[in-house]
Amino acid sequence: EMLVREYRDPLSRYAEGILDSPGGGDDVVQEVFIRLWTRREALGGEGSLRSLLYTMTRHTAIDERRRAHRAEAKAAMTPGPRAAPSPYETAVEAELTERASAAVAALPARRQEVFRLVRECGLSYGEVAGVMGISQQTVANHMSLALASLRDALASVVVEPGGEGRVMGRARDVSSGGTK
């Protein structure tokens, strides 16, 4: 009880500095005192108790900061709940999928095979080169040309920001009001 009264506030401020979070040091200090109490018999009589408390606080605060960063990173990577797509979004997606499939089908046979192996089967350029008996650079060239063809084929579908409206046929130059 005496140790808690004497060291709680300074240790808490120290932990808050490490966590860069006001008020977050109390939990760290509580954990330090619990660990100290549960390991009291294993502690030797040598060394400074004050030094031990600050060392334990430092390590516990760093561990807590790492846990918080991992949790934030995981939360950022986890997609939130998504609303069901609107009929408009469903129609646009269906049309884009149809056009993309047609554009891939229109590619020359070898280019189409390279594209499908990379994009649909997930093979690396090196793996595709080995499967097809061509160089990696040839695979890269085929992919570059295939993607350019797909961009051209899909450029005629323009979805305006906010999902409002679609221009079929020629892409509209929004800045000048004309067409490209």
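This is a predicted model: local features need pLDDT of at least 70, side-chain atom pairs count only at pLDDT 80 or more; totals for chains, interfaces and linings use all residues.
How many residues does helix α4 have, and how far does α4 reach from its first C-alpha to its last?

1. **Helix α4.** This helix runs over residues 87-105, so to speak a stretch of 19 residues, and reaches 27 Å from its first C-alpha to its last. That is close to the 27 Å expected at 1.5 Å a residue.

2. Val 92, Glu 95, Ala 103 and Val 104 are the buried residues to look at here. They cover an arc of only 165° around the axis, which puts them on the same side of α4. Turn to the face pointing away from that buried side, and you will find Pro 87, Glu 93 and Glu 98 exposed.

3. **The overall plan.** Stepping back, the protein has seven helices and two strands. Along the sequence the pattern reads α-α-α-α-α-α-α-β-β. Of the 180 residues in the protein, 23% are buried. Among contacts with a separation of 6 or more, 49% are between residues 24 or more positions apart.

4. **Helix α2, its length.** The 14 residues of α2 should span 20 Å at 1.5 Å a residue, and the end C-alpha atoms of α2 are 20 Å apart, which agrees.

5. **Helix α2, its faces.** Which residues of α2 are buried? They are Gly 25, Val 28, Val 29, Val 32, Phe 33 and Leu 36. These cover an arc of only 135° around the axis, which puts them on the same side of α2.

6. **How α2 meets α3.** The axes of α2 (residues 25-38) and α3 (residues 49-77) come within 9 Å and cross at roughly 125°. The two helices are therefore oblique to each other, and α2 passes α3 in a right-handed crossing.

7. **The residues in that contact.** From α2, the residues that meet α3 are Val 28, Glu 31, Val 32, Phe 33, Arg 35 and Leu 36. Their partners in α3 are Leu 49, Leu 52, Leu 53, Met 56, Thr 57, Thr 60, Ala 61 and Glu 64.

Methods:
Residues are numbered from 1 along each chain as its sequence is written. Side-chain values use heavy atoms; hydrogens and water are left out. Helices (H or I, at least four residues) and strands (E, at least two) are DSSP runs, numbered from the N terminus. The expected span of a helix is 1.5 Å times one less than its number of residues. Buried means under 20% relative accessible area, exposed over 50%, partly exposed in between (1.4 Å probe, protein chains only). The arc is that of the directions from the helix axis to the C-beta atoms. Axes are lines fitted to C-alpha atoms, for helices over the stretch in contact, and angles run from 0 to 180 degrees between N-to-C directions. Angles under 35 degrees count as roughly parallel, over 145 as roughly antiparallel, 65 to 115 as roughly perpendicular and the rest as oblique. A crossing is left-handed if the near helix is turned anticlockwise from the far one by less than a right angle, and right-handed if clockwise. Contact means heavy atoms within 4.5 Å.
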